[in-house]
Amino acid sequence: MAGHRNCHFVTGAAIFYAFLVCYVHAQTLLLGACPSPPMQSNFSAQDFLGRWYEVERTFVMAEIGWRCISVDYREESGRIRVETASAIPFRRSMTAVATFTPNSPARIILRGEGSLPTQSTNYVLMSDYENYAVVWSCRNVDPPLPISGLDFLRNLSHTENLWILSRKRTLDADVREKIYGFLDTNAITRRTLRPVPQDNCQETSSVTPS
């Protein structure tokens with residue numbers, strides 16, 4: 001009986017940890033290890049800068065209730081600052097500093113600014129710079145405790161975030177289908193994607209919050 005109780009405790013702890021990781025990082029929890037999709041080849045960080053609009057994304061806790069979401073990548077004081085903003089029903093925003101890694105420029109390290117700074121790694125999977133971009137992040141859920149025998153939990157689950165971005169508030173159907181085809185081919189789930197409302201939006205200039 002004690003063995004069964006220990007087994008239930010270990011399993012329960014693993015499940016709790018997985019959901020804790022999902023909660024903290026505001027990502028979608030999925031079974032198996034992270035897939036390994038190709039990143040954008042010959043990525044140009046300079047061409048990627050500018051304003052994007054979120055047209056579809058997975059769940060992001062910090063953006064609950066946000067509409068008309070824009071994402072601005074801009075050079076500022078020698079850094080690349082990223083501002084994600086919503087103007088409706090009232091202006092809200094969050095900022096981060098982006099680092100494009102030299103040996104793998106399509107890999108973006110984001111360090112959040114504010115009272116609770118966070119760090120995440122995103123990957124630009126595909127973009128033509130002028131119309132669309134697909135940004136993705138993934139994190140394998142490790143065992144909750146460094147206990148011998150829990151190594152089998154290492155690749156049981158992972159968390160993902162996925163954003164489909166556009167230079168305008170809409171995205172052409174043929175471009176959307178092209179993106180879906182890429183995701184399906186590379187085992188990236190899109191069943192948790194949700195449209196981001198971009199109708200009746202008022203265009204705003206990018207303003208860094210105080």
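**Serine 70.** I started with serine 70, which lies in strand S3 (strands are DSSP E runs of at least two residues, helices H or I runs of at least four, numbered from the N terminus). This is a predicted model, where local features need pLDDT of at least 70, side-chain atom pairs count only at pLDDT 80 or more, and totals for chains, interfaces and linings use all residues. Residues are numbered from 1 along each chain as its sequence is written, and side-chain values use heavy atoms, with hydrogens and water left out.

Buried or exposed? Serine 70 counts as buried because its relative accessibility is 5% (buried is under 20% relative accessible area, exposed over 50%, partly exposed in between, with a 1.4 Å probe and protein chains only). I then listed its contacts (heavy atoms within 4.5 Å), leaving aside neighbours within four places in sequence: Arg51, Trp52, Tyr53, Glu83, Thr84 and Ala85. I also checked arginine 169, which is 99 residues along the chain from serine 70, with 8.8 Å between the C-alpha atoms.

**Helix H3.** Next I looked at residues 173–185. Which residues of H3 are buried? I get Val175, Ile179, Tyr180, Phe182 and Leu183. Down the axis of H3 they fall within an arc of 160 degrees, so they line one face of the helix (the arc is that of the directions from the helix axis to the C-beta atoms). Ala173, Asp174, Glu177 and Thr185 are exposed on the other side of H3. The cover over the buried residues includes strands S2 (50–57), S7 (119–127), S8 (132–140) and S9 (157–166).

**Positive phi.** Most residues other than glycine have a negative phi, and I went looking for exceptions. Serine 77, in the loop between S3 and strand S4 (79–88), has a phi near 55 degrees. Serine 77 is exposed because its relative accessible area is 74%. Tyrosine 129 sits in the loop between S7 and S8, and its phi is positive at about 70 degrees. With a relative accessible area of 15%, tyrosine 129 is buried.

**Isoleucine 64.** Last stop was the loop between S2 and strand S3 (67–76), where isoleucine 64 lies. Isoleucine 64 counts as exposed because its relative accessibility is 53%.
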